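Subject: Structure handover and what was found in it

Hello,

Please find the structure below, together with its sequence, and keep it open while you read on. The notes that follow go through it piece by piece.

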Amino acid sequence: NALSLSEEDLFSSDATKLSGRIAFVYSLSFYAYKDFYELRQKAFDLYVDKNWNAAPISAVRLMTTPYSDLMVGAYRFKIDYKLPGINKVTTTRTLQIDW
């Protein structure tokens with residue numbers, strides 16, 4: 001059963017009494033891939049035109065090693081829920097994606 005609230009419900013005190021479960025989809029591999037290439041581009045911008053020899057070995061490795069997908073394992077993350085309009089964290093959960 002989907003939970004639906006009217007605009008009146010949202011601003012009444014009854015809305016705070018409602019609870020339930022939600023599901024979300026997070027494409028962990030997709031965002032890891034995007035993050036890798038963003039960091040790689042920043043390393044290139046910082047070192048390639050200026051001084052390749054000044055780049056730390058970690059930056060050289062980032063710029064020269066191809067992306068490999070996530071390793072099998074547990075990835076923990078934190079979710080903060082903010083109520084719309086008040087911008088205050090009302091719930092925090094630490095979750096885990098088993099990859």
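Predicted model: local features only at pLDDT ≥ 70, side-chain atom pairs only at ≥ 80, totals over all residues.

As a general point, side chains of opposite charge can pair when their charged atoms come close. Why are Glu 38 and Lys 42 separated by about one helical turn? Both belong to helix α2, and they are separated in this way because they are 4 residues apart in that helix. Glu 38 itself has a relative accessibility of 43%, so it counts as partly exposed.

A search of the whole structure finds 2 salt bridges, and another pair that forms one is Lys 78 with Asp 80, where the closest N and O atoms are 3.9 Å apart. Lys 78 has a relative accessible area of 56% and is therefore exposed, while Asp 80, with 38%, is partly exposed.

The protein has 99 residues, of which 12% count as buried. It exposes about 8700 Å², and carbon and sulfur atoms supply 55% of that area. If you take the contacts between residues at least 6 apart in sequence, 39% of them join residues at least 24 apart.

Next comes the nonpolar interior. In soluble globular proteins, nonpolar side chains tend to be buried together. Which residues make up the largest nonpolar core here? That core has 5 residues, namely Ala 43, Tyr 47, Ala 55, Ala 59 and Met 63, and helices α2 and α3 each supply at least two residues of it. If you select Ala 55 and leave aside its neighbours within four places in sequence, you will find it in contact with Tyr 47, Val 60 and Met 63.

Leu 62 lies in helix α3, which covers residues 57-64, and at 23% relative accessibility it counts as partly exposed, because a residue has to be under 20% to count as buried. Beyond its neighbours within four places in sequence, Leu 62 is in contact with Phe 36, Leu 39, Arg 40 and Ala 43. Of these, Phe 36 is 26 residues away from Leu 62 in sequence, yet the two C-alpha atoms are 8.3 Å apart in space.

Ser 29 is found in helix α2, and its relative accessibility of 18% means that it counts as buried. Its side chain is joined to that of Asp 69 by a polar contact of 2.5 Å. Again leaving aside neighbours within four places in sequence, Ser 29 is in contact with Tyr 67, Asp 69, Leu 70 and Trp 99.

On the surface, Tyr 26, Phe 30 and Tyr 31 form a nonpolar patch, and together they have about 310 Å² of accessible area. Tyr 26 sits in the loop between α1 (7-11) and α2 (28-47), and its relative accessible area of 44% makes it partly exposed.

Finally, please look at the strands. Gln 96 lies in strand β2, residues 89-98, and is partly exposed, with a relative accessible area of 40%. Not counting residues up to four places away in sequence, Gln 96 touches Ala 74, Tyr 75, Arg 76 and Phe 77. Although Gln 96 and Ala 74 are 22 residues apart in sequence, their C-alpha atoms are 6.4 Å apart in space. The side chain of Gln 96 also makes a polar contact of 2.7 Å with the side chain of Asp 98. In the loop between β1 (74-82) and β2 you will find Asn 87, whose phi angle is near 50°, a positive value in a residue other than glycine. At 58% relative accessibility, Asn 87 counts as exposed.

Best wishes

Definitions and conventions:
Residues numbered from 1 in each chain as written. Heavy atoms only, no water. Buried < 20%, exposed > 50% of the residue type's maximum accessible area, 1.4 Å probe, protein only. Contact = heavy atoms within 4.5 Å. Areas by Shrake-Rupley, 256 points an atom, 1.4 Å probe, with all protein chains shown as cover. Polar contact = N/O pair within 3.5 Å; in protein donor to acceptor, adjacent residues only side chain to side chain. Patch = residues over 30% accessible without salt bridge, like charges linked within 9 Å, V, L, I, M, F, W, Y side chains within 5 Å. Salt bridge = Lys/Arg side-chain N within 4 Å of Asp/Glu carboxyl O. Core = buried A, V, L, I, M, F, W, Y, C linked by side-chain atoms within 4.5 Å.
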